[in-house]
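Please have a look at it first, and then I will go from the overall picture to some single residues.

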Amino acid sequence: MERKPVHVAMYSGGASSAYVAYQMVQTHGVENCILFFTNTLWEDEDNYRFMEEVADYIGIEVTERIDGRTPEEVFIDTRFLGNSRLAKCSEELKVKQTIFFLEELRDEHNLEPILYFGIGPHESHRAVNLKEFYEHRPLEPVETRFPMIETFREDIDVKVIIEEEWGIKLPRMYELGFSHANCAGRCVRGGFQHYAQLYKVWPDQYALQEEMEENFREHFEKDVSILKKDGGPYTLKEYRERMDREGIEGFLKIQDETVPCVCSFS
Ligand code: SF4
């Protein structure tokens with residue numbers, strides 16, 4: 001029997017993914033849609049508030065999948081500290097959970113998933129990568145859609161729409177100056193600029209990340225780090241001490257060449 005299509009918004013806690021989810025439900029009806037979220041347990045509490053308020057506004061429940069480990073626990077299990085080049089937390093906590101869910105939709109519910117992402121034109125290279133990824137995994141290709149690039153003709157300011165028309169306050173991560181709202185500023189794929197921003201606006205989170213890195217180094221007796229400098233390790237402790245010595249402002253302008261987490265869907 002042919003599978004019935006089901007429209008799945010990859011819901012991240014970001015403004016664009018919320019807007020795309022809203023449009024998807026308006027177009028296809030709530031009974032044919034799913035709001036899908038993979039929880040890393042590191043998300044900022046205000047993201048959960050935002051996600052719930054948006055789901056209420058749209059009139060659909062959030063479907064959540066949780067591996068049960070935090071990124072730190074994944075690093076310990078795999079004996080590998082995630083960094084700007086390779087982040088196993090994303091693979092374990094987000095990608096695997098998504099693939100399990102897609103298989104479940106097909107095998108147990110005879111549904112054919114179509115995935116919706118809130119990625120905008122300024123990140124179209126990421127749309128290409130995601131399209132390519134879901135063409136090959138899971139076993140059968142999965143259709144991907146990027147309405148912010150493919151469908152909406154005009155330049156929509158989703159943040160203004162959400163705050164002014166929907167009356168929902170955006171996640172505080174935006175106010176703090178982060179472009180993605182994932183993992184409460186602790187993304188191991190963030191680079192020098194990201195961590196300078198974190199140190200400036202949210203030093204407690206920086207301290208947690210520094211502590212995690214130091215614990216990992218000590219526990220496994222490995223000279224590894226989240227950031228890399230001249231091809232070698234450069235710890236958050238070293239970076240913080242340098243920012244304290246030289247002043248943080250200069251570090252906020254560094255252009256990072258990191259690849260955002262596959263799970264930061266905007
Ligand atoms: S947002 Fe960053 S830290 Fe969080 S799961 Fe993705 S890669 Fe890991």
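Before I count anything, let me say that helices here are DSSP runs of H or I with at least four residues, while strands are runs of E with at least two, and both are numbered from the N terminus. Please also keep in mind throughout that what you see is a predicted model.

With that in hand, the secondary structure of the protein chain amounts to 11 helices and seven strands. As for the overall dimensions, the radius of gyration of the chain is 19 Å, close to the 18 Å that the globule rule gives for 266 residues, so the chain is as compact as a globular protein of that length. If we take the principal axes, the C-alpha atoms fill a box of roughly 60 × 40 × 30 Å.

Turning to the interior, 39% of the 266 residues count as buried.

How is the chain divided into domains? The domain assignment gives domain 1, covering 4–175, and domain 2, covering 182–253. The C-alpha centres of domain 1 and domain 2 are 27 Å apart, and the contact between them draws 15 residues from domain 1 and 15 residues from domain 2. On the side of domain 1 that touches domain 2, helix α3, residues 71–78, gives the most, with three residues. Sorted by class, that side of domain 1 has six nonpolar, five polar and four charged residues.

I would like to finish with the backbone at two positions. As background, most residues other than glycine have a negative phi. E221, however, has a positive phi of about 50 degrees although it is not a glycine. Where does E221 lie? You will find E221 in the loop between α10 (203–220) and β6 (227–229). Is E221 buried or exposed? With 6 other C-beta atoms within 10 Å, E221 is exposed, given that a residue is called exposed at 12 or fewer.

The other position is D230, which is not a glycine and yet has a positive phi of about 50 degrees. D230 sits in the loop that runs between β6 and β7 (232–234), and D230 is exposed, with 6 other C-beta atoms within 10 Å.

Technical notes. Residues numbered from 1 in each chain as written. Predicted model: local features only at pLDDT ≥ 70, side-chain atom pairs only at ≥ 80, totals over all residues. Domains from an automatic or database assignment. Contact = placed C-beta atoms within 7 Å. Nonpolar A, V, L, I, M, F, W, Y, C, P; charged D, E, K, R; others polar. Rg over C-alpha atoms; globule rule 2.2 N^0.38 Å. Buried ≥ 20, exposed ≤ 12 C-beta atoms within 10 Å, placed from the backbone.
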